[in-house]
There are 2 protein chains.
Amino acid sequence: MASATISVVREVIDKALAEGRTALTAPEGRRLCEEYGIATPGEGLATSAAEAAEIAGKIGLPVVLKIVSPDILHKTDAGGVLVGLKSADEVREGYDTILANARAYNPDAKIDGIQVQQLVGGGHEVIVGAVTDPTFGKVVAFGLGGVLVEVLQDVTFRLAPLSGEDAFGMLDDIRAAEVLRGARGAEPANREALAGLIERVGRLVSDFPEIIEVDLNPVFADANGAVAADVRILIGEKPAEVTRLPREEILRQMTRIFKPRSVAVIGASAETGKIGNSVMSNLINGGYQGQILPINPKADEIMGLPAYKSISDVPGDVDVAVFAIPAKFVAAALEETGKKGVAGAVMIPSGFAETGNVEGQQEIVEIARRHGVRMLGPNIYGYYYTPENLCATFCTPYDVKGSVALTSQSGGIGMAILGFSRTTKMGVSAIVGVGNKADVDEDDLLTFFEQDDNTKAVAMHLEDLKDGRGFVDAARRVVKEKPVIVLKAGRTAMGARAAGSHTGALAGDDKVYDDILRQAGVVRAPGLNDMLEYARALPILPAPKGENVVIITGAGGSGVLLSDAIVDAGLTLMDIPPDLDEAFRAYIPPFGAAGNPIDITGGEPPSTYENTVRLGLADERIHALVLGYWHTIVTPPMVFAELIARVVAEERQKGNVKPVVASLAGDTEVEEASEYLFEHGVVAYPYTTEKPVAVLGAKYRWARAAGLLR
Amino acid sequence: MASATISVVREVIDKALAEGRTALTAPEGRRLCEEYGIATPGEGLATSAAEAAEIAGKIGLPVVLKIVSPDILHKTDAGGVLVGLKSADEVREGYDTILANARAYNPDAKIDGIQVQQLVGGGHEVIVGAVTDPTFGKVVAFGLGGVLVEVLQDVTFRLAPLSGEDAFGMLDDIRAAEVLRGARGAEPANREALAGLIERVGRLVSDFPEIIEVDLNPVFADANGAVAADVRILIGEKPAEVTRLPREEILRQMTRIFKPRSVAVIGASAETGKIGNSVMSNLINGGYQGQILPINPKADEIMGLPAYKSISDVPGDVDVAVFAIPAKFVAAALEETGKKGVAGAVMIPSGFAETGNVEGQQEIVEIARRHGVRMLGPNIYGYYYTPENLCATFCTPYDVKGSVALTSQSGGIGMAILGFSRTTKMGVSAIVGVGNKADVDEDDLLTFFEQDDNTKAVAMHLEDLKDGRGFVDAARRVVKEKPVIVLKAGRTAMGARAAGSHTGALAGDDKVYDDILRQAGVVRAPGLNDMLEYARALPILPAPKGENVVIITGAGGSGVLLSDAIVDAGLTLMDIPPDLDEAFRAYIPPFGAAGNPIDITGGEPPSTYENTVRLGLADERIHALVLGYWHTIVTPPMVFAELIARVVAEERQKGNVKPVVASLAGDTEVEEASEYLFEHGVVAYPYTTEKPVAVLGAKYRWARAAGLLR
């Protein structure tokens, strides 16, 4: 904004704040709007009939005339208001009428003049606003006025400031978007004007953090423009700025934490059942090749390794210290750890904020900050980083190396991640508990995983975000290259209440979270199992290059259900062009159905699957395949699985790299077949038509966010 | 309806039909409304100013006056229309004004009088209509007018005729229901008047099947009443009546089919790989104790059993004939089967309507009808009925006896049912393929399962219904005692398209299906896997006696996700009263959270789970428990599972019978623990917080439909 504008607005706000006010007056609000190019109804004060007509001509007809007099409070009673004057003549006459009425009403009244105000109210009634969200800061809201926003909550949010493109996106993001485009013969709204207004509101609240809330309600939007008929602006204390470490600094620390040359275990123990013993075993049995340094004041040696009384006794540098001691001993030990120059303190102990011990937690955060130690936790199971064979946890080692990094705010969910990983042999790069998130949070982890070549996708369970903007910034960067999957717990009002009682975290309105996570390009998982399945499948599926999805199915019944799932997942069943249709038809029985789904029918031999799938992979117009398998004697499950794996591999060799998912309907042999397919890059599930398509839908959501499908 | 009303309406419709019209005129439509007590704007023809005032007084002010003259076409141009006259004086004056205007406009015009019409338009604009649905026949629709119905499709359907209670239900069933109750300070609608109007529309279309469509749009509903401002009625040929067999007759036939004393296999074969061989093996190996009769013109003996050249050669009665011969031989064999007096023909062969051979299918239907044979299929895998050890199928035998009966329209889905059953050891009473549904359909099967003591729940996959009303009638009866789960494929527009190409079935608009299935009390499964899980779990869970659900969790993180799931499933987290809260608090650590979820925290011993779960089961105010388990060394998975199974069993002994579901978060041992719990009547899943709650939600949906929670 021009500095002149800034200083005008600054002056208005400072004056109001100086007067101890929390809201601007209507004229002040209009003044701000004017400075930021937000249209409000035109108005002017006339002291003659001719001047009234002149003003009306300038601001545009029709107009409203209102008497302006400190002595006439009830304007209407005094005959001091005329609405809907449509011509200069009517305005002139009206001026005289009002003046006469006012004089008749109170002959002694001091009359300042007559206010001429543009009459607005045509077109669509919309609401544009801004709030200061506890997680995300300044957030812009847009919705259709009346029932739609108030009863159906048809509203959308974006981080402020926002681009013109984002503002246009908001117009399309409400359920009733069609209305603005002129559904039912209504006048379409001027989209440029409306998007411009939204963008300006975003700029205003970003330029002035003291603006806590803006409420333009209603805004009247028609083919000509968008005018804010009522302006309400709340002001207050500037929210505290979040301090963030420089990215390079975070990366340096996180690299030392994930790829440490040495790990100390504070509270290492030889006694089975103790956490300090489990951590030692897991480090050793997990195959960690760096130095393992047991710290225990009462031992000289633990599990065959020399022990130290204190971390300060360790010769040489220590990168990571895993804490396995009761909460009450943590502060002192952390102090020593800090002095030693450790990069990361992995704070397993509980007994901090989650049990009400907020002071204790603050104390250790301060110690860590003072020494530049990054702290994971407290109240966590620890962390795994498989490329380094590092299992710094009291759970069991996990060694299936792969390319997804998972994090969880809850220990229970962390255990579910571990169990699911083990049972599905999901290849992971990291599993990290963040627990109370007193220091290291999702932003730090994303910053590391962004540049970590061992990680191709990130999946995060979270109940709140300490710094919503920091997360969005980090996520936006990562999403360009790798999917970021988020399970945001506390989705519903009831869920949020439970989050409140669990971690004392302030769970924001889920709609704000949902819109902003989407804006950040994050793939949100609707539930725990979905997050796990996305995490397992997304790194395996290649990115699609377009929106054309084709179903090839042996079971017509699966075809119908897969089509339902396609729509549910926001995917598009390709409209097969005639030549391609003919090409498919050549491979299937005459009573099979081409089109899409392509129903090859149930009794077909492997060659029919092979021919149609190969065609689907080879034709460039097709971008993804969904397979429906039906268990028959002619094409048994493992024959199907091996065949598809081979065809997909062969076509990939030829450069035909496309996501392929499969739903297997059949007797129990389809379980083994599904596993085989998964291991060979085809995401396959038995007994469900929903899951393979949901996973493909998640991959598409990421691909769109990453800009791969434009 | 009174016979006078009936005969008036009959006369209007017959006249219009006789004139070859497909729509009634506006006055005819209003006449029908009048007869059925559906308010339309009052009106009358006045030939004097005094009469105009009198009419206006009768129909209610304000009114509109309109000149009635065959010689004045453009009434407004002639000054022949006055709107919004508010008093008798205004009406009298208006009458004279219009008359004078008209005479000035055209002195020669013949003037019939002046129409006095009630002015409507206040309150809420709603739409009430009725359509003739291909599946369900007469269906009533209700929605809020304007954007809500046309852009957001906020509309609801019910079978006509409908009860007053159902009509009231429609008012609450739209998303914007609050609007009618007076949201945002609007005038609340008169609910009695509006529900009454809906009910009357339902009665009208039910009384006169020739009414194909009714469109009352808009209806203005305010605090005083509901008036249909515009009436549009389409008429046409009376839809063909569906003939239904008497219930006793269906039951007699179905009982012979499910509990046959003898089963013939038409096309029995000793040759491995042939369908006639697989069917024979499955009957024998499945352990069927009735007579097995191989029919084969070329064999004397098959698999150790005497074979017959033709079914007519069999001495004594035959209850079921399983067909395992090519389509072209079916008609002749069916003719003989009919002559033999067989109750059921299990028509495995394909090659009928599904491959375009509609005539062939019609032919065999006619043969079956002629002989009173009920035919299952064609184009099916056969059927299982475990209480009789009956596996009349070419798939593999299945013998885990249990209490859910499953049916599928698609063979592929049938195979998925079989595989899922086997892998989860789901106890089933029956698995039935209905395929092309040329004869036996879901209604027949529901009629049998209704009275079958071996069946406690029914789960059906279907793509269409031959007789929607027959299904609803049967489902309503069954639902009173047993849950009916339906997976309706072709849910979405794209899905429906696929259904069309698959079976040629006309898939109706899914919203109609959805509302009417719900009205029938059916639990609709959103996808295949959901249907399977509901089928597995619902017979195990006892019915809840109230809406108070309580979460007891060791993992706070699971508690939050379980709360999300509770809301998604339409369940209610109980508001724990203070005394109960105190009682729970006594068992959990001070930093645990009571309230709901009750977070017992992670490190607790088995006794904490035991105490809290026992309290949850014993307190009568709690109606269902959702458990969140967190794998720890203190309470390992199997310890938790055995403990919960024991506590639940003990409390059941004491009469505390409540549904209990559990989500287990932990390492792979939680899989065995979940299975153990399932086997002991607690529905438990590993790695998901959604599934146990979704299943509980399904049980609740049934319990509400069965009237158990009123």
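The stops below go from the whole assembly to the interface and then to single residues.

Begin with both chains, bearing in mind that this is a predicted model. Superposing chain A on chain B takes a turn of 180° and a shift of 0.1 Å along the axis, and leaves an RMSD of 0.2 Å; this is therefore the relation of a two-fold axis. The two copies use the same surface, in that 100% of the contact residues of chain A recur in chain B.

Next, select the residues in contact across the interface, which are 75 in chain A and 75 in chain B. Between chain A and chain B an area of about 5900 Å² is buried, and carbon and sulfur atoms give 65% of that area.

The salt bridges between chain A and chain B number two. Select A:Arg422 and B:Asp667, which form a salt bridge whose closest N and O atoms are 2.7 Å apart.

Then hide chain B and colour by element the side of chain A that touches it. Among the elements that give two or more residues to this side are helix H13 (411-424), helix H16 (493-503), helix H18 (528-537), helix H19 (556-568) and strand E23 (484-488) of chain A. Stop at H19(A), which gives the most to this side, with eleven residues. Finally, colour the side of chain A that touches chain B by residue class, where you will find 31 nonpolar, 27 polar and 17 charged residues.

Definitions and conventions. Residues are numbered from 1 along each chain as its sequence is written. Chains are lettered from A and ligands numbered from 1 in the order in which they are written. This is a predicted model: local features need pLDDT of at least 70, side-chain atom pairs count only at pLDDT 80 or more; totals for chains, interfaces and linings use all residues. Side-chain values use heavy atoms; hydrogens and water are left out. Contact means heavy atoms within 4.5 Å. Buried area is the accessible area (1.4 Å probe) that two parts lose on being put together, summed over both. A salt bridge is a side-chain nitrogen of Lys or Arg within 4 Å of a carboxyl oxygen of Asp or Glu. Helices (H or I, at least four residues) and strands (E, at least two) are DSSP runs, numbered from the N terminus. Ala, Val, Leu, Ile, Met, Phe, Trp, Tyr, Cys and Pro count as nonpolar, Asp, Glu, Lys and Arg as charged, and the others, Gly among them, as polar. Copies are superposed by least squares on the C-alpha atoms of residues with pLDDT of at least 70 in both.
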